[in-house]
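Biologist: Can you walk me through this model? I'd like to go piece by piece.

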Amino acid sequence: MKVAVSFLKSKFDNKETIDKINETDSDFLHVDVMDGNFVERKNFSFNEFKEWSKDNKKLLDVHLMVENPINYIFDYKKLKPEYITIHSEIDKNLDDLIDLIHSYNIKAGISIKPKTSIEGIEHILSKIDNVLIMSVDPGKGGQKFNPSVLYKIDVLRKLREENNYNYIISIDGGINNKTIDKVKDVDLVISGSYICESKDYQANINKLR
Ligand code: DX5
Ligand code: ZN
C-alpha cells in the first residue's frame, strides 16, 4: 500500500510542511485544491503552490475539489503530476476532462464523495487510472473517518478484476493509526492531519505502513 500525504491541515506553514513531507519516505505529495464553489473554502493559488513546492521531489497527486477543472488542469499539468483527480459530482463532461488530462500524459482520477455511488461512474471506469474514495465530505482536513464508504473498496476491486480495469483504488479522509486497518485493501491511502499535525512525520507514516 502506498502513502500520500496531504498538507491541508498542519501545525507548520505550507512551505515548511511540504519540506517536511519531502524528508519522509511517503510515495506522493497530495495537493488538495479547493475553489470556494464545489467546496465552501478556497485555498491557495497555483502560483503559491508552485513557489512552496520548488524543492519538492515527491510525485504529485493533485486532488481538484473544484466545479470547473479545466483551468486548474492547464495549470497543474505544468508540474507533471502523477495523477490529476477530478470529482464525479461536478456538472461537466467527465469523459472530456479525462481525455484532457490524458492528453498531457498524466494519469486521471475520479473522486466520489461519501454519498456518491459507484454506479454513477461505472461507464468511465475503463478509462481511468485512479478511483479516489472520499471517506469524509471534501472541504477540510481533520474530519472523522466515515466507515459507510468501506463497501466501495470491495465493489471496485471486484469490478476491476472482472473487467481487467487498470485503476488504482485510493481513499482520502480521516486516515490514521486507528482507521488504517479498515482500508488495507486499497492501493493508496491519503493521510493529512495525522501526519502533519504530529511531531515526527516519518514515525506516523511508519505506523500506517
Ligand atoms: C479533504 C481532503 C483530504 C484531507 C485529508 O477535503 O481532500 O485530502 O485533507 O486530511 P485528513 O487526513 O486530516 O482527513
Ligand atoms: Zn484530498
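**Tyr 201 and onwards**

Modeller: Let's start with Tyr 201. Leaving aside neighbours within four places in sequence, Tyr 201 is in contact with Ser 10, Phe 12, Thr 17, Lys 20, Ile 21, Thr 24, Ile 195 and Cys 196. Bear in mind that this is a predicted model.

Biologist: Which helix does Tyr 201 lie in?

Modeller: Helix H7, which covers residues 201-208.

Biologist: Is Tyr 201 buried or exposed?

Modeller: Buried. Its relative accessible area is 3%, and the cut-off for buried is under 20%.

Biologist: What lies 3.3 Å from a polar atom of the Tyr 201 side chain?

Modeller: The backbone oxygen of Cys 196. Cys 196 is also one of the contacts of Tyr 201.

Biologist: How far is Tyr 201 from Asp 99?

Modeller: Their C-alpha atoms are separated by 36 Å. Along the chain, the two are 102 residues apart.

Biologist: Switching to the ligand. Which residues come nearest to ligand 1?

Modeller: There are 19 residues around ligand 1, and the nearest are Gly 139, Gly 142, Asp 172, Gly 192 and Ser 193.

Biologist: Which polar side-chain atoms lie 2.8 Å or 2.7 Å from a ligand 1 oxygen?

Modeller: For Asp 32, a polar side-chain atom is 2.8 Å from an oxygen atom of ligand 1. For Asp 172, a side-chain N or O atom is 2.7 Å from a ligand oxygen. His 30 also has a side-chain N or O atom 3.4 Å from an oxygen of ligand 1.

Biologist: How much of ligand 1 does the protein cover?

Modeller: On its own, ligand 1 has 380 Å² of accessible area, and the protein covers 99% of that.

Biologist: Another spot. Where does Thr 116 lie?

Modeller: In the loop between S5 and strand S6 (130-134). Thr 116 is buried, at a relative accessible area of 18%; the limit is under 20%.

Biologist: What is Thr 116 in contact with?

Modeller: Beyond its neighbours within four places in sequence, Thr 116 is in contact with Ser 88, Glu 89 and Lys 152.

Biologist: Now the whole protein. How many helices and strands?

Modeller: 7 helices and 8 strands. The radius of gyration is 16 Å, close to the 17 Å that the globule rule gives for 209 residues, so the protein is as compact as a globular protein of that length. Its C-alpha trace spans about 40 × 35 × 30 Å along the principal axes.

Biologist: What share of the residues is buried?

Modeller: 51% of the 209 residues.

Biologist: Last one. What share of contacts with a separation of 6 or more comes from residues 24 or more positions apart?

Modeller: 65%.

Notes
Residues are numbered from 1 along each chain as its sequence is written. Chains are lettered from A and ligands numbered from 1 in the order in which they are written. This is a predicted model: local features need pLDDT of at least 70, side-chain atom pairs count only at pLDDT 80 or more; totals for chains, interfaces and linings use all residues. Side-chain values use heavy atoms; hydrogens and water are left out. A residue is near a molecule or strand if one of its heavy atoms lies within 4 Å of it. A polar contact is a pair of N or O atoms within 3.5 Å; within protein, one must be able to donate a hydrogen and the other to accept it, and residues adjacent in sequence count only if both atoms are side-chain atoms. Accessible areas come from the Shrake-Rupley method with a 1.4 Å probe; for residues, only the protein chains shown count as cover. Helices (H or I, at least four residues) and strands (E, at least two) are DSSP runs, numbered from the N terminus. The radius of gyration is taken over C-alpha atoms; the globule rule is 2.2 Å times the number of residues to the power 0.38. Buried means under 20% relative accessible area, exposed over 50%, partly exposed in between (1.4 Å probe, protein chains only). Contact means heavy atoms within 4.5 Å.
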